[in-house]
Amino acid sequence: MEAEPYSYAFNVIGSDMCDVLINVGGLKHYCMKRDTGLILALDETDAVKAMRIAAAVSDKVDAIKINWPLILSAGPDVITQLSEVSDVICDLKVADIPNTVRLIVEGAVSRGASGVIVHAFTGEDSLREAVSAAGDAEIFAVTEMSHPGGGTFTAKHAEEMAEMGVRCGVAGFIAPATRPDRIRAIRSIAGDLKILSPGVGAQGGSALSAISAGADYVIVGRTIYGADDPASVASSLADEIRPFV
Ligand code: 3DU
């Protein structure tokens, strides 16, 4: 029997039961908690500063997302270090042939990542390989990028990519907070799967609009880590969306 998507269980049992391994359809899966609906995008390239910010906001966010800027400056061990204070999502935007996808996803998960972001445009074989390589960890597929250029190619195929992601068993999708109507479109296909939305603040999107349009989490980077008091900005954002999370 094919395993049901684990986020089905996320909705059935409620977010307070998440952040643990849950068992659906005979398979164990990780399930990120949803206490605040906020994910920090930690693109700070000064590793010491990054760790300080992570410690200051870890109790205000559901996960910390890291991307190439921090991994390239601090080294991949930063995944493990951060995983000691928070769930870590590696935003590697993996876009490659299935074998390379597997090697990258395994490398991130073995270092402590509980989620990995991959591109969906690579097609079904690469996406299936990512899901399989992730094991208990979560794969999030990018359907449409949040910057203006994201409209040129990715937006035109976002719905098809979301349908494919559902078939491949991804945990959820990355959809743009800069275009809440597009979050709505992806939500209509994603069902109970998670939607994580970047583009809040520095890119012009609003946390409240994204959550109201159907995002489960907003991803916020510069607005938090570039602030004089990252913890207080994270708290304010969490307060803004709390009634809807
Ligand atoms: O714009 P911010 O500083 O809040 O950072 C947003 C983060 O989310 C950043 O790491 C970026 O690479 C990532 N991201 C997008 O902004 C848009 C996408 O479509 C996918 C990921």
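Me: Quick one before we start: which atoms make a polar contact, and within what distance?
Reply: A polar contact is a pair of N or O atoms within 3.5 Å. Keep in mind that this model is predicted.

Me: OK. How far is Gln203 from the ligand?
Reply: A polar side-chain atom of Gln203 sits 2.8 Å from a ligand oxygen atom. That pair is within the 3.5 Å cut-off.

Me: What about Lys65?
Reply: Lys65 also uses a polar side-chain atom, 2.8 Å from an oxygen atom of the ligand.

Me: And Ser146: side chain or backbone?
Reply: Backbone. A polar backbone atom of Ser146 is 3.0 Å from an oxygen atom of the ligand.

Me: How much of the ligand does the protein cover?
Reply: On its own, the ligand has 470 Å² of accessible area, and the protein covers 90% of that.

Me: How many residues surround the ligand?
Reply: 15, and the closest are Asp43, Lys65, Gln203, Gly221 and Arg222. The shell has six charged, five nonpolar and four polar residues.

Me: Which strands supply at least two residues each to that shell?
Reply: Strands E4 (63-67) and E5 (88-94) both do.

Me: New topic. What do the strands build?
Reply: A barrel. Eight strands close it, in the order E3-E4-E5-E6-E7-E8-E9-E10, with parallel pairing. From one strand to the next, the twist averages 25°.

Me: Zoom in on E7 and E8. How many bridges join them?
Reply: Three. E7 (residues 138-142) and E8 (residues 172-174) pair in the parallel sense. Val142 stands opposite Ile174 in E8.

Me: Which strands does helix H6 touch?
Reply: E6 (115-119) and E7, as H6 (residues 124-134) packs on the sheet. The direction of H6 makes about 155° with that of E7.

Technical notes:
Residues numbered from 1 in each chain as written. Predicted model: local features only at pLDDT ≥ 70, side-chain atom pairs only at ≥ 80, totals over all residues. Heavy atoms only, no water. Pairing = 2+ DSSP bridges. Helix = DSSP H or I, 4+ residues; strand = E, 2+ residues; numbered from the N terminus. Axes fitted to C-alpha atoms, helices over the stretch in contact; angles between N-to-C directions. Contact = heavy atoms within 4.5 Å. Near = heavy atom within 4 Å. Polar contact = N/O pair within 3.5 Å; in protein donor to acceptor, adjacent residues only side chain to side chain. Areas by Shrake-Rupley, 256 points an atom, 1.4 Å probe, with all protein chains shown as cover. Nonpolar A, V, L, I, M, F, W, Y, C, P; charged D, E, K, R; others polar.
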